[in-house]
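These are my notebook entries on one protein chain. I set down what I looked up, topic by topic.

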Amino acid sequence: MVRVCLILTLLIAVSMATTLPAQRAVAQTKIVVVVNGAPITSYDVAQREKLLRLTGQRGNLREAAMGELINEKVQDGAVKKAQILVSDGDIDSAIADIASRAQISPGQLRSAFSEAGVNIQTLRDRIGSQIGFNRLVRARFSSLAKVTEQDLVAALLRDEAKEKTVEAARYDLHQVIIALPQNPSKQRLAAARSRAADVRKSFASCGEGLAMAKKTRNVVVRQMGRRMDVEFPLSIREKLASTEVGKLTEPVQDRLGLVMFAVCDKQMVQSANAAMKALEPEIANERGEAFTKQYLRRLKRDAVIERRG
């Protein structure tokens, strides 16, 4: 039970939101709410209640579950109208990431949910809805939520309690990329991951390792030069911080393929720019949350919500 709570806490912290069709073992279920023609059943509500209970939420769980499901139906309708797709692979990747952080396999995650009486599809629906709505919000509001240098300077000057400089890591980096086509097959991706593992294992120093990587089939090496850690998203910063100088980070998948970073040098420096950059995620998150709440309120205002029980 503790492990399940940890997993779900990770899910909430990530805050990733179209309900996916699934075969469900539904007994004596009835429709309790209809949102823009989309039904929510008593089974859906009961399952979401159990999910909330596992997260440690208190209070009227039935109303909280109903509220979440209504919001998701409203969101899913907007996502579908915008023709934004969330694939099974997107959800699988999110679940695999959650399981990895909890140091268990996706299969063990499913088993833990089953033991707690929660259909894993309940979690998949929730994740899929969050992913889709986040993509929609970013598509609509990304330009409005952009944090400028003037915003960062103003925020730093406004908060006198903050340090004007902070200690930050400055790296000398190269990208080592295992090239992949868009939407690679499972076999192709598995082969690329195996090759990435071989390259990492053989990478003993930047001098010899980069030369070796350049001679490896389907591997591209790109010089990045000196970069501050705050220039990267948190997930990349964590990989860089845990990688020794002269070694390769674990791979991350993007549109180019599997990308690893060769850490050729690392120095800790005092940086005013890093102090400003450190404020950027906080400001962006605040604006993103505000836009998301405002947009959802508008969608709910225009929705047809019929409660039946």
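**Entry 1: helix α2**

Which residue just after α2 takes a positive phi? I found that G56 does, at about 90 degrees.

Before going on I record the basis of these notes. The model is predicted, so I keep in mind that local features need pLDDT of at least 70 and side-chain atom pairs count only at pLDDT 80 or more, while totals for chains, interfaces and linings use all residues. Residues are numbered from 1 along each chain as its sequence is written, and side-chain values use heavy atoms, with hydrogens and water left out.

I take helices (H or I, at least four residues) and strands (E, at least two) as DSSP runs, numbered from the N terminus. I then checked the length of α2: at 1.5 Å a residue its 13 residues should span 18 Å, and the end C-alpha atoms are 19 Å apart, which agrees. The expected span here is 1.5 Å times one less than the number of residues.

I list Y43, D44, V45, Q47, R48, E49, L51, L52 and L54 as the buried residues of α2. Buried means under 20% relative accessible area, exposed over 50%, and partly exposed in between (1.4 Å probe, protein chains only).

**Entry 2: the largest nonpolar core**

I looked up the largest nonpolar core and found 24 residues in it, of which V33, I40, V45, F133, L136 and Y295 touch the most other members. Such a core is a set of buried Ala, Val, Leu, Ile, Met, Phe, Trp, Tyr and Cys residues joined through side-chain atoms within 4.5 Å. At least two residues of this core come from each of β1 (31-35), α2 (42-54), α3 (61-81), α6 (120-145) and α11 (272-302). The largest share, 8 residues, is supplied by α3.

Apart from its neighbours within four places in sequence, V45 is in contact (heavy atoms within 4.5 Å) with V32, I40, R62, A65, M66 and L69.

**Entry 3: aromatic pairs**

How many aromatic pairs does the structure hold? I count 2. Rings of Phe, Tyr and Trp (its six-membered ring) pair if their centres lie within 6.5 Å; planes under 30 degrees apart count as stacked, over 60 as edge-to-face and the rest as tilted.

Because F133 lies in helix α6 and Y295 in helix α11, the pair ties together parts that are 162 residues apart in sequence. Both F133 and Y295 are buried.

The pair of F232 and F261 is edge-to-face, with 5.8 Å from centre to centre and 75 degrees between the planes. F232 sits in the loop between β4 and α10 (234-241) and F261 in strand β7, 29 residues apart. I note F232 as buried at a relative accessible area of 9%, and F261 as buried at 6%.

**Entry 4: the disulfide**

My search of the whole structure gave 1 disulfide, a term for a pair of cysteine sulfur atoms within 2.5 Å. C206 is joined to C264, with 2.1 Å from S to S. The link is left-handed, at -100 degrees about the S-S bond. C206 is in helix α9 (residues 206-214) and C264 in strand β7 (residues 257-271), 58 residues apart. I find both C206 and C264 buried.

**Entry 5: helix α4**

Which residues of α4 are buried? They are I91, A94, I95, I98 and A99. Seen down the axis of α4, the buried residues fall within an arc of 135 degrees, so they line one face of the helix. The arc is taken over the directions from the helix axis to the C-beta atoms. Just after α4, Q103 has a positive phi of about 60 degrees.

Most residues other than glycine have a negative phi. Q83 is placed in the loop between α3 and α4 and counts as exposed, at 69% relative accessibility.

N218, also not a glycine, has a positive phi of about 60 degrees. N218 lies in the loop between α9 and β4 and is partly exposed, with a relative accessible area of 35%.
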